[in-house]
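Subject: The structure we talked about

Hi,

Here is the structure I promised to pass on. Have a look at it first, and then read my notes below.

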Amino acid sequence: MTPTVFLIISLLSFILLYFGTGRDKMLLLVFGIWQLIVGTFAIFNTFENKPNLFPLVILATILLTFLSLKRISKQKLNSNILLSVHVLRIPVELVLFQLFLQDKIPNLMTFKGWNFDILIGISALAILIYQLISKRKINRRFFIIWNIIGIVFLLFIVFLAVLSSPLPIQQFAFDQPNIAVLEFPYCFLPTCLVPIVLMSHILLINEEKSCLVSAKKQRFE
């Protein structure tokens, strides 16, 4: 059941990115092909047998993420859809807790440990509901700060996940390391969900900054 739920969450994040960035078919194709490649390797247990290959996958994902950010048109963004991406952090955290119970990740990667990501998911849901009901956006400066905090929380858990993985650089969780990301479909956590969440934060920050700059220009004209 847990793998199916996680696959659905990953697919939803992918769909939300597509619609939130203006239906960029090339972005969908390139990002989709990359997930197929990673997923195929994971299905055949490549990363479980050779975990030292996974850092190369992460590096390639980082490169693809920033190339994708350069390609996305800022004029076609839908902020509410991009905000919806962060609501998915709630079910992701519930899946991570189940993986902890299955001895596939350490406790420190869950909301009972050092992972505070679920707070961003809950607050994203609250912001989204407010904006949909009131038909207004929350304070732009507050929203920028919220997104920055979201990035910090995301990078923090990524840092913990990397240092808890069975790699030469492992520093934490030797009794119960982070092995889930080496398996299918949880390999999509660092190659699909994390990049999409990060891109959503960066795009929302850039959009809000652009709006603030435009408002200042109009004030002085």
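Before the notes, one term: a cavity here is a set of grid points where a 1.4 Å probe fits but cannot get out. With that in mind, the structure holds three cavities of 30 Å³ or more. Please remember throughout that this is a predicted model.

Cavities and pocket

The largest cavity comes to about 40 Å³ in volume. Its lining is made up of Phe14, Leu17, Tyr18, Thr21, Asp24, Leu27, Leu28 and Phe31. Helices α1 (2–20) and α2 each supply at least two of the lining residues.

Then there is the largest pocket, with a volume of about 660 Å³. It is lined by 38 residues, and the closest to its centre are Ile58, Val158, Leu189, Pro190 and Val194. Which helices each supply at least two residues of that lining? They are α4 (54–71), α6 (89–101), α8 (140–163) and α9 (188–220). Helix α4 gives the most, with eight residues.

Salt bridges

I count four salt bridges, and here are some of them.

Asp24, which also lines the largest cavity, pairs with Arg71, with the closest N and O atoms 2.9 Å apart. This pair links distant parts of the chain: Asp24 is in the loop between α1 and α2, while Arg71 is in helix α4, 47 residues apart. Asp24 is buried, at 14% relative accessible area, whereas Arg71 is partly exposed at 45%.

Arg89 and Asp117 form another salt bridge, at 2.6 Å from N to O. Here helix α6 (Arg89) is linked to helix α7 (Asp117), and the two residues are 28 apart in the chain. Arg89 is buried at 3% relative accessible area, and Asp117 is buried too, at 5%.

Arg140 and Glu208 also meet in a salt bridge, at 2.9 Å from N to O. Arg140 sits in helix α8 and Glu208 in helix α9, 68 residues apart. Arg140 counts as partly exposed, at 28% relative accessibility, but Glu208 counts as buried, at 2%.

Cysteines

How many disulfides does the structure hold? The number is zero. Take Cys187: its closest cysteine sulfur is that of Cys192, 9.5 Å away, so the two are too far apart for a bond. A disulfide would need the sulfur atoms within 2.5 Å. Both residues are out of the way of the surface by the accessibility criterion: Cys187 is buried at 0% relative accessible area, and Cys192 counts as buried at 4%.

Backbone details

Phe184 and Pro185 are joined by a cis peptide bond, with omega at about 5 degrees. Pro185 lies in the loop between α8 and α9. Ala173 is in the loop between α8 and α9 as well, and has a positive phi, near 55 degrees, in a residue other than glycine. Ala173 counts as buried, at 14% relative accessibility. Asp103 likewise has a positive phi, near 65 degrees, and lies in the loop between α6 and α7 (117–134).

Surface

Finally, a nonpolar patch on the surface is formed by Met26, Leu29, Val30, Ile33, Ile37 and Phe41, with about 500 Å² of accessible area together. One of these, Ile37, is found in helix α2 (residues 25–43) and counts as partly exposed, at 37% relative accessibility.

Cheers

Note on methods: Residues numbered from 1 in each chain as written. Predicted model: local features only at pLDDT ≥ 70, side-chain atom pairs only at ≥ 80, totals over all residues. Heavy atoms only, no water. Patch = residues over 30% accessible without salt bridge, like charges linked within 9 Å, V, L, I, M, F, W, Y side chains within 5 Å. Areas by Shrake-Rupley, 256 points an atom, 1.4 Å probe, with all protein chains shown as cover. Salt bridge = Lys/Arg side-chain N within 4 Å of Asp/Glu carboxyl O. Helix = DSSP H or I, 4+ residues; strand = E, 2+ residues; numbered from the N terminus. Buried < 20%, exposed > 50% of the residue type's maximum accessible area, 1.4 Å probe, protein only. 1 Å grid on protein atoms, 1.4 Å probe; cavity = no way out; pocket = protein on both sides within 12 Å on 5 of 7 lines; lining within 4 Å. Points joined across faces, edges and corners; volume = space filled by probe spheres on them.
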